[in-house]
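These are my notebook entries on a single protein chain. I looked up backbone exceptions, salt bridges and helix packing.

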Amino acid sequence: MERTVWQPKPGQLYMRNALPAVAVALFCISLAHAQTDVLIEIDRGRTEGLFTKSPVFQRAILAKPAKPTDTALLYFRGYPGIARIQSVADKQRNLQPFMRMNQRIFEEEGIALVVIDCPTDQWSVLDGRPTGCLDSYRSSKEHADDVRSVIARLRDEHGLSRIFLMGHSFGTISSRWLAKNLGSEINGSIHSASMNGFNRLGFATSLSGFSYDSIASPILHVHNENDACPHTPYSIVKEYAGENLVTVRGGVPGGDPCGGTHLHSFQGREELVVRSVISWMKTKKVDRLIGE
């Protein structure tokens, strides 16, 4: 079969290259008008530092839809897990690409997206690796209480009473323990590309033998069947997730197998994943296989 090669007319090439930039600009403008980003900052009533005794703050960023809603999705980012939120300008960099590029869908579907940070006394890092906000904290009652304080603020000041949790990769350490420790205080939890594999730094070891039967609210697991990150094997999730698993098929691998531009983070299937999560939040129907 003969293939026709497209040749631009004078002036067309410039416009073709300019379109993506124009589209991004229009998207940002429309998003800005559609929702309001709000910084949530809560003094937790404890201090850190032997000498400074600095107050500890729990922070989050609420992307509040223009239309009234009662539903919020609390999002716990992937590695290194610490968001270091100081203003609403910190929202974008703390969303994995598949979440960041589909924010408009959450807004359109009446879901307030909330980026959750670790409290400031868990921000410690050594040689670029987190030494705070690890398993010992994420599995603790203190973590549950810190997140409760955010939920109370969302409910009392923003009318958000239906609360869902979502963790991605490293963030699933929090999403699973919080689903257990918050019980019926939440309406459901989503665990995306869950960490389960061995790693030399010991992340997610607290989840060895974790009992999913101890979680009171509905659960959804989302995972690419060809996830190449050694810390997030699909086979393990498939064993325990049962009928609560959305299997993502296909996509576009690229870059770090554990990063944001690979099957691990649903590259090439981003919108399908987000729409499947939202559908489950609204109907509890599990899309068993997406991306065929």
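This is a predicted model: local features need pLDDT of at least 70, side-chain atom pairs count only at pLDDT 80 or more; totals for chains, interfaces and linings use all residues.

**Entry 1: Backbone exceptions**

I located Pro80 in the loop between strand E3 (71-76) and helix H2 (97-100); helices (H or I, at least four residues) and strands (E, at least two) are DSSP runs, numbered from the N terminus. Residues are numbered from 1 along each chain as its sequence is written, and side-chain values use heavy atoms, with hydrogens and water left out.

The peptide bond between Tyr79 and Pro80 is cis, with omega at about 5°. Most residues other than glycine have a negative phi, and most peptide bonds are trans.

I then noted Cys133, which has a positive phi of about 55° although it is not a glycine. Cys133 sits in the loop between strand E6 (129-130) and helix H4 (135-138). With 0% relative accessibility, Cys133 counts as buried; buried means under 20% relative accessible area, exposed over 50%, and partly exposed in between (1.4 Å probe, protein chains only).

Phe266, likewise not a glycine, has a positive phi near 65°. I found Phe266 in the loop between E10 and helix H8 (270-283), and Phe266 is buried at 0% relative accessibility.

**Entry 2: Salt bridges**

How many salt bridges does the structure hold? I recorded 19, a salt bridge being a side-chain nitrogen of Lys or Arg within 4 Å of a carboxyl oxygen of Asp or Glu.

I examined Asp121 and Arg46, whose side chains form a salt bridge at 2.9 Å, N to O. This pair links distant parts of the chain, 75 residues apart: Asp121 is in the loop between strand E4 (112-116) and strand E5 (125-126), and Arg46 is in strand E1 (residues 35-48). Asp121 is partly exposed at 23% relative accessibility, whereas Arg46 is buried at 17%.

In helix H5 (residues 141-158), Asp145 and Arg148 are 3 residues apart, or about one helical turn. Their closest N and O atoms are 2.6 Å apart in a salt bridge. Asp145 is partly exposed at 22%, and Arg148 is partly exposed at 27%.

Glu157 and Arg153 also form a salt bridge, at 3.5 Å, N to O. Both lie in helix H5, 4 residues apart, about one turn of the helix. I noted Glu157 as exposed at 53% relative accessibility and Arg153 as partly exposed at 24%. Salt bridges with shared partners join Arg44, Arg46, Asp121, Glu142 and Asp146 into one network.

**Entry 3: Helix packing**

I checked how H5 meets helix H6 (residues 172-182): they pack at an angle of about 80°, with their axes 10 Å apart. Axes are lines fitted to C-alpha atoms, for helices over the stretch in contact, and angles run from 0 to 180 degrees between N-to-C directions. H5 and H6 are therefore roughly perpendicular, a term for angles of 65 to 115 degrees.

From H5, His143, Ala144, Val147, Arg148 and Ile151 meet Ser174, Leu178, Asn181 and Leu182 of H6; contact means heavy atoms within 4.5 Å.

Finally, I looked up helix H7 (residues 234-241), where Tyr234, Val237 and Ala241 are buried. Seen down the axis of H7, its buried residues fall within an arc of 65°, so they line one face of the helix; the arc is that of the directions from the helix axis to the C-beta atoms. Their cover includes strand E9 (219-224) and strand E10 (245-248). Just after H7, Gly242 takes a positive phi of about 60°.

Technical notes: Angles under 35 degrees count as roughly parallel, over 145 as roughly antiparallel, 65 to 115 as roughly perpendicular and the rest as oblique.
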